[in-house]
Amino acid sequence: MQAEPPIRALIAPVTPLQQNCTIVWCAKTLKAAIIDPGGEVPMLIEALKSQNLTLEKIWITHGHLDHAGGTAALKAAFDVPIEGPHPDDAFWIDEMEASGAKWGMPEARSFTPDRWLADGDKVTLGETEFEVYHCPGHTPGHVVFFHRQARFAQVGDVLFQGSIGRTDFPRGNHQQLIDSITGKLWPLGDDVRFVPGHGPMSSFGQERKTNPYVADQVLAGA
């Protein structure tokens, strides 16, 4: 008989950019974290209620508007700690309101994380633990959350099914992004399933075979 997974996850696309906000929870305690609450906070609150979850943490992969624009509102509603991103993304968070005005999301607010994250940190949720990997390139302070036992990662805008994150934003760096993917994500294992910042889930193994930017054969010929 297969053991019950230690965590469960629900993907809730938010904002006009259809960013994959992820509600992840400890199956034993029903304590939840919301990863990247970009907006539509009332809908996220209803999703928590529908699963009988208790919000314990807010986790942020990076400081872009569509990933973090609803963080302040969620914090105001629940008063739970905000963890992440890496401090190199502070400038993005400081610009949140200006970005919101520019992109038609005027409810977006800046915030100060209760805990900035660094490579090698651990974050806890209920009785479970996630590992934190600093993966710069898309933004300088981007982090990834990884649950080793469940073989599950939330990678934000580092990697997508069939693509990789943009690097044409301020302080983006294409080579850094490639190095983050191949040096931080691939060693976690081909069997790891991941939620990207946008679009469908995939696995690291699948992307190593077919991704036109970072497949093993593509990089070998670079």
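Which residues lie nearest the centre of the largest pocket? Select Leu17, His64, Asp66, Trp103 and Phe169 in this predicted model. These five belong to a lining of 16 residues.

**Stop 1: the largest pocket**

Next, colour helix H2 (65–68) and helix H5 (96–102), each of which supplies at least two residues of the lining. H5 gives the largest share, three residues. Colouring the lining of this pocket by class shows seven nonpolar, four polar and five charged residues.

**Stop 2: the second largest pocket**

Now select Pro5, Ile7, Arg8, Ala9, Ala150, Arg151, Phe152 and Met201, which line the second largest pocket. Its volume is about 160 Å³. Strand S1 (residues 7–14) contributes the most to this lining, with three residues. By class, the lining of the second largest pocket has six nonpolar residues and two charged ones, with no polar residue.

**Stop 3: the open sheet**

Switch to a cartoon view and find the open sheet of six strands. Going across it, the order is S6-S7-S8-S9-S12-S13, and the pairing is mixed. Strand S6 (122–125) and strand S13 (202–203) are the edges; each has a single partner strand, so one side of each has no neighbour in the sheet.

Inside the sheet, select strand S9 (residues 152–156) together with strand S12 (residues 193–196). These two strands pair in the parallel sense, over four bridges. To see one point of contact, pick Ala153 and then Phe194 in S12, its bridge partner.

**Stop 4: aromatic rings**

Keep Phe194 selected and turn to the aromatic side chains. The whole structure contains seven aromatic pairs. In one of them, the ring centres of Phe194 and Phe204 are 5.4 Å apart and the planes meet at 25 degrees; planes under 30 degrees apart count as stacked, so this pair is stacked. The pair links distant parts of the chain, with Phe194 in strand S12 and Phe204 in helix H7 (residues 204–210), ten residues apart.

Are Phe194 and Phe204 buried or exposed? Both Phe194 and Phe204 are buried.

Definitions and conventions: Residues numbered from 1 in each chain as written. Predicted model: local features only at pLDDT ≥ 70, side-chain atom pairs only at ≥ 80, totals over all residues. Heavy atoms only, no water. Pairing = 2+ DSSP bridges. 1 Å grid on protein atoms, 1.4 Å probe; cavity = no way out; pocket = protein on both sides within 12 Å on 5 of 7 lines; lining within 4 Å. Nonpolar A, V, L, I, M, F, W, Y, C, P; charged D, E, K, R; others polar. Points joined across faces, edges and corners; volume = space filled by probe spheres on them. Phe/Tyr/Trp six-rings, centres within 6.5 Å; stacked < 30°, edge-to-face > 60°. Buried < 20%, exposed > 50% of the residue type's maximum accessible area, 1.4 Å probe, protein only.
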